[in-house]
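Have a look at the structure below, and then we'll go through its metal site and its charged pairs.

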Amino acid sequence: MRVGRLYRLKRAASWHSSWLISSTMAAVLLTLPGTPTAASAPADHAPDCFVLRCVALTFDDGPTQYTPSILRLLEKHHATATFFVIGPHALQHPTTVLREQRDGDAIGDHTVTHPHLTAVSSARVRFELDRAAHDIASVTGHRPTLLRPPFGAYDSRTRALAGQSGLAVVMWSLDPQDWRHISPGTIDRRLLNHVRAGDIVSLHDRYARTLTALPRILTGLASSGFAFVTVPQMLAASGGTHPGMLYHHGPRT
Ligand SMILES: [Zn+2]
């Protein structure tokens, strides 16, 4: 799965590197449904998010004690997701990270100490990104290529430093705010009432309420015809992810 994804990203990068020259252009690309790139998508088993109604669930802050139960639910629904993990948490829960990897989930960088990256020195940002990437790679054997900045806090310096560390900045387009003290029912209602094709959804695998909401989220999305994809799968057909670039959502089919 991972090999296939890397291969796909390499190919996608080579197709688009000549004209994917700015974040503005990338944003335009992401909002253009049905571009010709879809017709030349690699012939592997990747879902084509220009055709399917894709949704990318993302879980930040783990692994925690809730993550294995989240993985069990995802596995039951044959759903993949993206986990933005804290470096030391990866070291504390290596078998959970390896289970994510084995399931075909994408694993991204969520720093070491979860600071506001816009409020610390450049040296500290580099440390936060690179040490967490090192921690993750020491478990998975692969350095992550995606960054979810803690609190969603980024600026042009964050992007530049992420780019130097080989990381694309992945934000979200739908936030059910599971980080607030709200009921599980509110989480799944907010998500299911507002979700659109191409959404990258912000969730956390550190709250019991998110785990409680997840069965209804998965069942509801599946019954509405959504395909569960990772962030790299979501963005593959529109050129893949690139270091220092910023992504909020995938194709709006
Ligand atoms: Zn976080």
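## The zinc site

Some ground rules for metals: donors are N, O and S atoms within 2.8 Å of the metal (3.2 Å for Na, K and Ca), and since water is not among the atoms, sites may look incomplete. Here the zinc ion is held by Asp61 through OD and by His110 and His114 through NE2, at 2.0 to 2.1 Å. Written along the sequence, the spacing of these donor residues is D-x48-H-x3-H. Asp61 sits in the loop between strand S1 (53-60) and helix H3 (67-76), while His114 sits in the loop between strand S3 (106-109) and helix H6 (122-140), so this pair ties together parts 53 residues apart in sequence. Those labels come from DSSP runs numbered from the N terminus: helices are H or I with at least four residues, strands are E with at least two.

How exposed or buried is Asp61? Its relative accessible area is 6%, so Asp61 is buried. Buried means under 20% relative accessible area, exposed means over 50%, and partly exposed lies in between (1.4 Å probe, protein chains only).

## Where the numbers come from

This is a predicted model, where local features need pLDDT of at least 70 and side-chain atom pairs count only at pLDDT 80 or more, while totals for chains, interfaces and linings use all residues. Residues are numbered from 1 along each chain as its sequence is written, and side-chain values use heavy atoms, with hydrogens and water left out.

## A buried charged pair

Side chains of opposite charge can pair when their charged atoms come close. A salt bridge is counted when a side-chain nitrogen of Lys or Arg is within 4 Å of a carboxyl oxygen of Asp or Glu, and that rule gives seven salt bridges.

One of them joins Asp60 and Arg148, with the closest N and O atoms 3.0 Å apart. It links distant parts of the chain: Asp60 is in strand S1, and Arg148 is in the loop between strand S4 (146-147) and helix H7 (156-164), 88 residues apart. Both Asp60 and Arg148 are buried.

## Pairs involving helix H6

Arg124 and Glu128 also form a salt bridge, at 2.8 Å from N to O. They are four residues apart in helix H6, so about one helical turn separates them. Glu128 is buried at 0% relative accessible area, whereas Arg124 is partly exposed at 31%.

Arg143 and Asp130 make another salt bridge, at 2.9 Å from N to O. Asp130 belongs to helix H6 and Arg143 to the loop between H6 and S4, 13 residues apart. Arg143 is partly exposed at 42% relative accessibility, and Asp130 is partly exposed at 28%.
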